[in-house]
Amino acid sequence: MLRWIGAGCSILAAVLLAPLVPLFLLPASYLDHRSVHPRPSTWTPPSYRLPVEDIAAYDRDGVLILRNVLPKELAEKLDIAGHDLVNSATMHCELSKFTGPPIFHGYQRYCGRAQLVHDFLRDVLYLSPLAHIAAQLLKDDGEVLRNIADVFMSGGQLPKRWHSDFLAFSKFSSARDIPCDDGLIIWMPLEESFAEKNGMLYVNGSHRRFKNHFTQRAWGAQSAYGVKAFFEYVSAAPKEPLVSPRMQLGDAAIFSQCTLHTTSGIHKGGIRRAYQLRFAKNVVFEEGSAGSGGSVSFPGVPQHPEARIESPQIWPQTLELEDRIRARGHVTYPATTWMAQLASKPLFVAATTMISLKVALLGDTGEA
Ligand SMILES: O=C(O)CCC(=O)C(=O)O
């Protein structure tokens, strides 16, 4: 009997994973626009001293909009990379969609760890002052920061879906007391972005309310790490006052890992492209960190055999070993490594494949 159930599950998994097969045949990375990894090793990204008022505003609101923060040359590179990612698909980008939260399958292109496969995005990470800005907002610019993730996303009608990125950060933390101040997201539009064009909405002050909710009540901080309690909170939490910024290429919205946010869900034509960098301090990679305790566990991109290069140390300086690997060029994983990575979480991948098919057939209307 058990053998029959096992065989049935394998056939079901194979059928569900079959739509992914063409993705393994795509090119590995983006070869049209190349640049070299910054030298020397180790490398410290440029400085950008934030006024104390900006730091105070970020602490108070959980979101800070910086205008024109990317140097012109890097803004141009970001735009070029964005066109490359929209115009062509790679194995890395297409498969990374199946290793992250399924709420983004309505996006026409989703690329996790995109800086590994496009040099111009790597340049935005290493050559911009964003790491220094993150270090000041995370309270101490002497502390070690890792770029725990970077994501490129684009699409037309993008679904509205309130959430915070807390559970994605919890995978990289051993703390269980909701360390909102340990991680932040830097979100950058690649063209003008505003509410009517899938612009982002942020709930002002929601980072503090999130922490208070889970630490000051009987159920305790630990419950914030469970998907169910987390999304119950998100759905019941007030969605005001709203910050709905009009932004353009070169600007950045910086928000706490605990800040509630969403795309507006309003679409008046054209696609919207955005790139984001996530920085965290006190990063741990061990199994058994808060997020991997059964609460939320995405497969993630495969891991480089020599170093944690998918989440590189950027501040106060890079690491020689990681620089050495990046200096060799794009970091790509063979199809067999991707297959093994996806096979490590077959139920997750089967579920996310089904969601992806459903979204492709029926669209994704998101929340009202
Ligand atoms: O860029 C977007 O449309 C959504 C980004 C977002 O909500 C996230 O990455 O958590």
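What is the strand order in the open sheet of 3 strands? I started my notebook there, keeping in mind that this is a predicted model.

**Entry 1**

I read the order as 6-5-8, with antiparallel pairing. I then looked for the edges and found strand 6 (242–243) and strand 8 (261–263) there. Each of these has a single partner strand, so one side of each is left without a neighbour in the sheet. Next I checked how strand 5 (residues 200–203) meets strand 6, and I found 2 bridges in the antiparallel sense. For a landmark on screen, I picked tyrosine 202, which stands opposite valine 243 in strand 6. A reminder to myself: strands of a sheet pair through backbone hydrogen bonds, either parallel or antiparallel.

How many of the residues of strand 3 are buried? I got 11 of the 11, so strand 3 is largely enclosed by the rest of the structure. I went through its pairings one at a time:

- Strand 9 pairs with strand 3 in the antiparallel sense over 9 bridges, and I noted asparagine 147 opposite phenylalanine 279 in strand 9.
- Strand 2 (residues 109–112) is also antiparallel to strand 3, over 4 bridges; here tyrosine 110 has methionine 153 of strand 3 as its bridge partner.
- Strand 10 (residues 313–315) runs antiparallel to strand 3 and is joined to it by 2 bridges, and leucine 145 stands opposite tryptophan 315 in strand 10.

**Entry 1: around the ligand**

Which residues are around the ligand? I listed Val151, Met153, Leu158, Asp165, His261, Thr263, Ala274 and Gln276. By class, I have 4 nonpolar, 3 polar and 1 charged residues in this shell. Met153, the bridge partner of tyrosine 110, is one of the residues around the ligand.

**Entry 2: helix 12**

I closed with helix 12 (residues 346–362), which has 17 residues. From its first C-alpha to its last it reaches 24 Å, close to the 24 Å expected at 1.5 Å a residue. Its buried residues are Val349, Thr352 and Thr353. They cover an arc of only 105 degrees around the axis, which puts them on the same side of helix 12. On the face turned away from that buried side I found the exposed residues Leu347, Lys358, Leu361 and Leu362. Just after the helix, I noted that glycine 363 takes a positive phi of about 80 degrees.

Definitions and conventions: Residues numbered from 1 in each chain as written. Predicted model: local features only at pLDDT ≥ 70, side-chain atom pairs only at ≥ 80, totals over all residues. Pairing = 2+ DSSP bridges. Near = placed C-beta within 6 Å. Nonpolar A, V, L, I, M, F, W, Y, C, P; charged D, E, K, R; others polar. Buried ≥ 20, exposed ≤ 12 C-beta atoms within 10 Å, placed from the backbone. Expected span 1.5 Å × (residues − 1). Arc of directions from axis to C-beta.
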